[in-house]
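This briefing concerns one structure, shown directly below. Please keep it in view while reading the points that follow.

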Amino acid sequence: MPLGIFASRCAGRIDSAVDLDEALRGVSEQAAVVRVFEDLFAPGVAARIITDIENEGLDAVALVGPSADHWTRSVSAHHLRDTIEAAGVNHNRIATANLLEQVALVHPDDRQAATAKAASLINVAAIRATRAGTVEASGSTPLRTVLVLGVTSEALVASQRLLQLGFEVTLADRGDGSVTATNRRDLRATGAWVLDHPSATFIDRAEMLDGDGWLGDFRVKLATPDGVVEKHVGGILLARPDQTEWVSELRAHFRVDVDDDGRARSLDPVRHPAETIDPGIMVVPLRGQDAIERERVAAADAAAMAILLRLSSDEVTHSHDVSSIDETLCGGCASCVRTCAFGACYIDAETGLSHVEERRCRACGKCVVSCPVGARDLLSAPHDVMVASVHELAAAEVDGPKVIGFLCGGCGYPAADAAAEDIVERGSGYPASFLPLRIPCGGRLDAIYVLEAFRAGFDGVSVYRCREGHCHNLIGNLDMDRRINLLRTVLRARGIDDARLRIVDISSAEGDVFLKSLDEMFELVGGHVPSSATQGATVVPLTSPEPASSAAAAGGDAS
Ligand code: SF4
Ligand code: SF4
């Protein structure tokens, strides 16, 4: 399986702490192409990568440099990934190694250790790129129809924009939104315009009953006093991210991130204020109660523009990253059906075997962990890849006690990125013998990975999961609790101090909590003096167990 490694120096920021050429030396023996650029997003880089893919027949790619989150949140990074996929590399065979936020910026003073850690993270990305299965993708023309939840001033303005551009809009309100629209003193004319528009529909006193699908192709059922109304829409706009009833109902069917007050959170309040982690679900950016009209119109415009950008393309591609089933192993026990919070699993009446409804599956991995016979696996985080990654990290040539960090992609991973900024403030990093491994959800953490980590020689295991009520997959964090508490008993039976396994509740921006948890863990396993600058953070202890070769710039030579 020809592998290409494309690394970025991130404009010198990685070189300042890591010998990148040395870090790439090991993986270059198995890669068909290793190429290093000053900046992966510089002009000409994408064309160079595509030429390599075509000339070398690459079908696995590791992108080395910025955070994995950068590849989903940045428009330019997203575009580069899309370009690589369009050149023929499967979505699931593009892996990333975060050498910026989780190596160079956090280990600025230990070049040798940072380089060794970087080499391990690159090897893990190579494992992921070459051993993960492929996922199917389907393309479709996005529906130019939008469901707006909540009839607010912003909803009316955004709807007016979309109607002017030829979209169909359904406005659903928990109260009498159509009455409110025409009674609003400030936006009465806009309300009347939208209400009278032939492509606008108002649904009053509505609640969301059900939903499935993805960007460009959502199906939503609304309960109304006149019965159930079904809508087939390309996108969903949450006009009031602080209206927690809508947020809760959306979260029962789709992945929506929330803040401490239960409000829907945007992808990035500065750069992508109207987008959420689900590319088909938008929010009107929140402002204060006293926002003036100009600010409210600007927020509505941002939301309308975000929808327009997503739904105006001729085709959107959806990668079917789901839980897979080995029918030769499935015994039809329905454990997966009981576990899946999104109702995506069912037992087929004829065969008696489990099936996955792709339109509902959010690839959280909880069913994989719950299956008693190992009939399930997650295409984006397969079991074999997880185990091999644990062993690869255990082999990292770094001094001192080693700690592996299982980082939930929704909270722990971005918190580890955020810690890079806190380190600048507090003036000290954390040991490079902390080796991070991203998992899609706390619910994907199999006790086997923890046991494998201790068996492979790790001195400590830290698991970072979302706070209660914040899990993107609703209850992945709580499911993990049950398994891990049982695991404590097993650890003690094997003579392993179960304090060396720590669960940390964290949210995505809490770099300080992340750093404090590492201070405490390394103090426990030895060899690290905590910084006094991290007072006040909270690490949640586990509860008592229940019984039971490269070129220097774009266009350089391939090795
Ligand atoms: S948990 Fe496993 S064995 Fe049981 S029905 Fe689901 S896939 Fe089949
Ligand atoms: S991966 Fe998650 S959403 Fe998909 S079927 Fe399994 S438990 Fe349900």
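In which sense do strands β21 and β22 pair, and over how many bridges? Strand β21 (residues 460–466) and β22 pair in the parallel sense, over 6 bridges. This is a predicted model, in which local features need pLDDT of at least 70 and side-chain atom pairs count only at pLDDT 80 or more, whereas totals for chains, interfaces and linings use all residues. Residues are numbered from 1 along each chain as its sequence is written, and chains are lettered from A and ligands numbered from 1 in the order in which they are written.

**Strand β22**

- Strands (E, at least two residues) and helices (H or I, at least four) are DSSP runs numbered from the N terminus, and two strands pair if DSSP finds at least two bridges between them.
- Val 463 has Ile 503 as its bridge partner in β22.
- Of the 6 residues in β22 (residues 501–506), 6 are buried (20 or more other C-beta atoms within 10 Å of the residue's own; 12 or fewer is exposed, in between partly exposed, with C-beta atoms placed from the backbone).
- Leu 501, Ile 503 and Asp 505 point one way from β22, while Arg 502, Val 504 and Ile 506 point the other way.
- In a regular strand, side chains alternate between the two faces of the sheet.

**Ser 370**

- Ser 370 lies in helix α13 (residues 366–370) and is buried, because 20 other C-beta atoms lie within 10 Å.
- Not counting residues up to four places away in sequence, Ser 370 touches Ser 335, Cys 336 and Thr 339 (contact: C-beta atoms, placed from the backbone, within 7 Å).
- Ser 370 and Gly 191 are 179 residues apart in sequence and 50 Å apart in space, C-alpha to C-alpha.

**Ligand surroundings**

- Around ligand 1 there are 14 residues, the closest being Cys 330, Cys 333, Cys 336, Ser 354 and Cys 371 (C-beta atom, placed from the backbone, within 6 Å).
- Around ligand 2 there are 15 residues, the closest being Ser 323, Cys 340, Cys 361, Cys 364 and Cys 367.

Definitions and conventions:
Contact = placed C-beta atoms within 7 Å.
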